[in-house]
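Here is a short tour for someone meeting this structure for the first time. Have a look at the sequence and the model, then read on.

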Amino acid sequence: MRNREIGARMWTRSRAGSWRSLLALGVVPLVLLSACGSSGGGGGGSSSAAPAKAHGSVVFWSWAPGMPQVVALFNKSQSAIHVKLGVPPAGDPAYLKMHAAVKAGNPPDLAHVEFTALPAFQQQAELENLSKLGADSYQRQYIDWTWKQGNFAGQTYAIPWASGALGLYYRADLLHKYGISGPPKTWAEFAADAKKVHSANPNAYMTFFSADNFYAQWWMAYPWQAGARWYGTSGNSWTIGMSDPTTSQVADYWQKMIDAKQVTSAPTYSTGWFKAIQNGNIVALPAPQWMSALIKSNAPALKGKWRVAPLPEWKPGTQASANYGGSSLAVLKGAKNPAAALVFAHWLTTDPAAINIWVSVGDGWPAATGLSKVSALTSPDPYYGGENINAVFKNMDALVDKNWKWTPVADQTFSTLSGHLNDVLSRKTTLKQALAATAGDTVSQLKAKGLSAKSS
Amino acid sequence: MRRRGRTGWVGAAFVAPFAVLFAATYLVPVGYAIQFSLFRTRSSGLGLAPPTTHFAWFANYVDALQDPGYRDSLGRVVLILLGFIPALIALPVLMALLLDATRGRLRSFFRTVYFLPYGVPGVIGSLVWAYLYTPGISPVVAALGHAGVHVNFLDSSTVLWSIVNVVTWEFAGYNMLIIYAALLAIPADVIEAARVDGASERQIAMRVKLPLVRPAIVLVGVFTAIGGFQIFAEPLVLRTIAPAITANYTPNLSAYTEAFANNNTNLAAAEAVLLAVLAFVLSFGLMRATRQGAFAR
C-alpha cells in the first residue's frame, strides 16, 4: 500500500538459502557440468583465437548461487582478466536493471540472462553479436539445443550456461507404502498411481498442479515433451498456437487429475509447497536436475528416500524429455570489454572446476558437453540413496527437443497462463480453454510490441 | 511596498527547503512519468531489427484503458474500497470513542495496542498474515478445520477479502489515532454542558462527539481512499502463496508488472498517471460530497 515498499520482493521470505538458489535458476536452471572435455588441455582457443588475447576488467551480473566462488577461482587462475561480480535481484528485476543500464550506456560486460528472456533482449537490440568476436568456434563444445537458444538469424548472441531437462523424482518409500511397485514408466501409469496414492491417503498426492508464474513455465514442459510446438515463424510473422492435438491431449490428461482432485495445488516454491514435500504429501515431482539441490536443502530429513527415474513416456518406447529453466551468458550492447567477457563466459560454462561449484549449488545442468571431469556430476549422492542421479539427467538432457524457441514476450505468456490456470483451479474454465486464451493473449502481446503475429 | 517585499523574501526562504525537495522528489518524477507515458517503442516483423521509439500522444493511455486486465484491476480496487472504507472508518471511530471513554492506565495501554500494527512494515505484516492464511501451516486454518469449518482464505473468491483484512489490521490504528486526537481537542465544557443537560454517555458520543470530529473522519476517509487505490505491497507479498492474485490484480501491481516484468515502462507510466488522476478525482469528489471538507476549516 505504501509506495516506499514498492521495491520489496516476495522472495525475501524464503526461509532457507536453498530457496534463493531455486529462484536463481528457478526458471532458468543454470547448472553446469564440466564442459570442456572436448577442448581438453587446449582451453578452447584452437580455432579463432581472437578472444584469447582479451585482457582487462569485466563487470559480470548474476544472481546465481556459487558465483562469488566461481569468480574468485577465475581471478586466481589467471592475471589477464579481472572479473567483478555484481548481484542483481533474481529474474525480472535484474532484467529491468539490465535494460535500464543499456539505455543509460553503462551496462555490465556480461549478464546472466535466462533462455526465456533472451528473445526480449534481442528484440530490443540490447545484445552484442558474439559471432563477430569469434564465439562460433565454441559451438561444438555445447549441447546443440542450448546453443540455439542464443542464436538469432544465424548469429550468436549468448553463450549457453545451464539448463533443466526433466526427470522424475519420486519417494521410493512412499510408492512402496502405497503398493506401487516402482516409478511409473508411462504417463498412463503415472495417472493410475496418482489415483492409488490419493485413495490410500486423502492427504497425499502423486504430484502437484498449481497456477503461479513458476508453475506456468514448469507446466509448459509437459506439452513440449509430448512434441507440441507452440511458437513458430512463418515468413516475417510469429505463429502462436496452443490448441494442437498434442497439447490438447496433455491438457485433457491433467484436466482429469485436476477434476478427480488427485493433484495438490500448493503454489510452487511456497512454504506450503515445501511443507507438502517434507511431510510426504507430494510423492513425485517431474523436475529438472537443479531441483535436486532444492529438495535436499529443504527436506534434509528425507535423506535416502528420494530417487530419480526417467520422465514418464507418452507411448512406451518413445522416450523424450523437455526443459524447465535455463540460463545463458550474454554480452550487453555497449559493454566496454566484450572480448574479455566472452573469454570468461566460455571459462565459466566449460571449466570443470567452475562447473563443479555451480552444479553443486543447483545452478542447473551444464550446457557444455564432455562433463566427465566434473566430480559433482559423476559421484553418487547419499541423499538420493547413493545413486548417481546425474546419469539419468544426462540421458534426459540428450532427449530434449532441439527446436523449441521462446518469443520476445515469454515472461508475459507465463503470467498470462498463470492467470488462466487460476481459473482452471477455481473451475471457471478448462485447461484447454485456458491454453487457447493464452495463445490469443500472446498474439496480442506480440502485436503490442509492433511485431507481426498470428494464431496457428 | 517595501515591507511587503521583505516579507515575501522571508516567506520564500521559509518555503524554499520544502519547495526544493517537493520539486525534486515529487514534481520532477511526475513530470518525467508523464513524458515517459507519451512515447512508445516498437519493433516490426519478427523483431530481428532494432526497435524505434517515437512520440505517440495518448496511445499508451488508450492501450491501458482498453486492456481488460487493467480495467479489472480498477474495478477490483473499487470493490476493495467498498469493503475497506467502511471498515477503516467505523472501526477506528469505535476504537477512538471507547478509548476516549476509558480512564487511567488502560487508556494508554489500549492506545498503544491499537496503534501497534501500524508500526509493522506492510511487507512484514503481509508475511505474518500469509502464514496465518496458508493451509497446512496456519494454526487458524487448522483450528477452523477441527471445528468443521473448511475455509480457503486464498482462492479467487476469498482472497480479495483476505487482503482487505490485512490492510484493515495495518491501518485501523492509524486512523483511530487521527480521530482520537480530534476527540481530545473537544473542549471539556461542551461535554460537561451535555452531561449537565442530562445526556447519557451514549448520547454524548453520538450527538456531541461524533459531529464535532466529523472533519477528522472525512480526512481519514480521503486518506483511506487514496491509500486503497495504491494498494500494492500486500497483494505482491500474498501473491507468492495465492496465485489467485494475478500479476495485474491492482492498478499499482499492474504498473509494476508492466515496468519490471514486461519492460514496458511507457505503458507502466501511463497506468501510473491514470491511477494518480483517478485517486485525485476520487478524493476531491469525496471531500466535495461530504460538503464540509476537512481542509475547508
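Predicted model: local features only at pLDDT ≥ 70, side-chain atom pairs only at ≥ 80, totals over all residues.

Residues are numbered from 1 along each chain as its sequence is written, chains are lettered from A and ligands numbered from 1 in the order written, and side-chain values use heavy atoms, leaving out hydrogens and water.

Let's start with chain A, where 3 strands form an open, antiparallel sheet in the order β12-β7-β13. Strands are DSSP runs of E with at least two residues, helices are runs of H or I with at least four, and two strands pair if DSSP finds at least two bridges between them. β12 and β13 of chain A are at the edges with a single partner strand each, so one side of each has no neighbour in the sheet. β7(A) and β13(A) pair over 4 bridges in the antiparallel sense, with Tyr169(A) opposite Val308(A) of β13(A).

| Strand | Residues |
|---|---|
| β7(A) | 166-171 |
| β12(A) | 284-288 |
| β13(A) | 306-309 |

Helix α11 of chain A, residues 291-298, is mostly covered, as 6 of its 8 residues are buried (under 20% relative accessible area; exposed is over 50%, partly exposed in between, with a 1.4 Å probe and protein chains only). Among them are Met291(A), Leu294(A) and Asn298(A).

Over in chain B, Leu27(B) sits in helix α1, residues 2-37. Leu27(B) counts as partly exposed because its relative accessibility is 47%.
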